Amino acid sequence: MSTSVQPAAAGQVGGRGPTGLADVIDTILDRGLVIDAYVRVSLVGIEILTIDARVVVASVDTYLRFAEAANRLDMTQSEKGLPDVIERAKGVPSQDKTKEVVQGVVEAAGDTLRELTEPKRDPAAAAAEPEAEVTVEREPKAAPRRKPRPKREEE
Amino acid sequence: MPKQATRRSQNIGTYVYGIVLANAKVTSDERGLGDPAGKVKLVKHGDIAALVSDVNVEEPLGRPGDFFAHEGLLDAMAAKGPVLPFRFGAVLASADAVVDELLAPHEDDFLAALDELKGQAEYVIKGRYVEQAVLTEILAESPEAAGLREAIRGRSEDATRNERIRLGEIITASIEAKRDLDTRLLLDALTGHYVQGVIREPTHEQDAVHVALLAKSSDQKALEKAVRDFGERWEGRVTMRLLGPMAPYDFVTAQA
């Protein structure tokens, strides 16, 4: 429950440091320079790895799990004043609103499903692309910005 | 040119981990990926070199040990000098191909990038909300969420499905909003301790922060202290981890 800063230099120099497999996969499957498919030799076994499985998508399952966690929450440890808040806020959403919400959720889940089941891009088509360029581009020296998730096309 | 004339089998490829300066030292205890572990070598061209090892392209690659070997080698090199890390799975036909197709055509770009990265390394900060703490916050902040919680209390999941979905939706949205705010707060607090920052996508629904920072290696102690100090403000609310020094995976991008 506490804050643990894993001292950087302790583990990683010259070996595998304190990072677990998830941390490593996060980093090396998704980031770093890429050799274009045109020059690259295909390698057995890599295609089985799907980044998509780790993408955080809000689903009905997630909602239900969070709701149950909130239900089980031990409020005796909660901040003072919360019962007042709850008292003031008693009541459930109107029927229409609930219906609307549920529809929205179902639509969102459908989108997610489509994303996950979308056929992967044909590797042959990717390989046929004429460019064999590997160019290096540094991030601009600017304030931190949100980086779009890299497309997985070159896989 | 590297000596690869003895390569007989067509099944052996040259796995590329990354690009380093030609004068980089690979210590003999560095082990590559594959089983048995490949011997890590430098394929040099002018002032730059590729970190490589032989790999059998007919053997599946992607065991946990392969991932650890890839990142372990690059991070170890990053602790000693500049590295341009490649994404996992880059294999060329031979050491000659590494020179002809990779190093020679991009020598200037690679050299400039290595020069720019000198004395810097990547650090990743991951923070995860403590579920009980963040749920308590959200229930206190959202009257609707608190009301819904009361509505589902002691009632079956089937009977309160709509309320539960709405409550979960509020919690998810609230966590996203908190994540955006907390990420900004953290980056503000660390200003001056890093050169560039990239906000990574969350990899867990309870992620509080997930950022990669490019920082001067000489400032590492100060960065560690700043992260620790900031983490103390979130004691009991967010569990924080600082990883590094790592190769600058988030600060090199390839344009195909």
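Let me start at a contact between the two chains: in helix α3 of chain A, the residues A:Val60, A:Thr62, A:Tyr63, A:Leu64, A:Phe66, A:Ala67 and A:Ala70 meet B:Arg164, B:Ile165, B:Leu167, B:Gly168, B:Glu169, B:Ile171 and B:Thr172 in helix α6 of chain B. Contact here means that the C-beta atoms of two residues, placed from the backbone, lie within 7 Å. By type, the residues of this contact divide into nine nonpolar, three polar and two charged. Ala, Val, Leu, Ile, Met, Phe, Trp, Tyr, Cys and Pro count as nonpolar, Asp, Glu, Lys and Arg as charged, and the others, Gly among them, as polar.

Some housekeeping. This is a predicted model, in which local features need pLDDT of at least 70 and side-chain atom pairs count only at pLDDT 80 or more, while totals for chains, interfaces and linings use all residues. Residues are numbered from 1 along each chain as its sequence is written, and chains are lettered from A and ligands numbered from 1 in the order in which they are written. Helices (H or I, at least four residues) and strands (E, at least two) are DSSP runs, numbered from the N terminus.

Back to the two helices. Two packed helices are described by the angle between their axes and the distance between the axes. For α3(A), residues 60-72, and α6(B), residues 161-189, the axes come within 7 Å and cross at roughly 90 degrees. The axes are lines fitted to C-alpha atoms, for helices over the stretch in contact, and angles run from 0 to 180 degrees between N-to-C directions. So α3(A) and α6(B) are roughly perpendicular to each other. The classes are under 35 degrees for roughly parallel, over 145 for roughly antiparallel, 65 to 115 for roughly perpendicular, and oblique for the rest.

How far can we trust each chain? The score is pLDDT, the predictor's confidence in each residue, from 0 to 100. Chain A averages 52, and 22% of its residues score at least 70. Within chain A, helix α5 (residues 95-117) has the lowest confidence, a mean of 34, and α3(A) the highest, at 92. Residues 1-5 of chain A stay under 50, yet the model has 19 contacts for them beyond four places in sequence. Residues 47-53 of chain A also stay under 50, with seven such contacts. Chain B has a mean of 91, and 95% of its residues reach 70 or more. In chain B, pLDDT stays under 50 over residues 1-7. For the model as a whole, ipTM is 0.78 and pTM is 0.73.

Chain A has six helices and two strands, in the order α-α-α-α-α-α-β-β from the N terminus on. Of its 155 residues, 19% are buried. Buried means 20 or more other C-beta atoms within 10 Å of the residue's own, exposed means 12 or fewer, and partly exposed is in between, with C-beta atoms placed from the backbone.

Now the core. Which residues have the most contacts inside the largest nonpolar core? They are B:Val16, B:Ala50, B:Val98, B:Tyr123 and B:Ile125, in a core of 94 residues. A nonpolar core is a set of buried Ala, Val, Leu, Ile, Met, Phe, Trp, Tyr and Cys residues joined through C-beta atoms within 7 Å. Leaving aside neighbours within four places in sequence, B:Ala50 is in contact with B:Val16, B:Ile19, B:Val43, B:Val98, B:Leu102 and B:Leu103.

Beyond four places in sequence, B:Ala208 touches B:Gly127, B:Arg128, B:Tyr129, B:Arg179, B:Asp182 and B:Val238.

B:Gly34 lies in the loop between β1 (12-21) and β2 (41-45) of chain B. B:Gly34 counts as partly exposed because it has 19 C-beta neighbours inside 10 Å. Its contacts beyond four places in sequence are B:Val55, B:Asn56 and B:Glu59.

Last, the backbone. Most residues other than glycine have a negative phi, and most peptide bonds are trans. B:Pro36, in the loop between β1 and β2 of chain B, is joined to B:Asp35 by a cis peptide bond, with omega about 0 degrees. Another cis peptide bond joins B:Gly244 and B:Pro245, and B:Pro245 is in strand β9 (residues 238-246) of chain B. Just after α5(B), B:Gly154 takes a positive phi of about 70 degrees.
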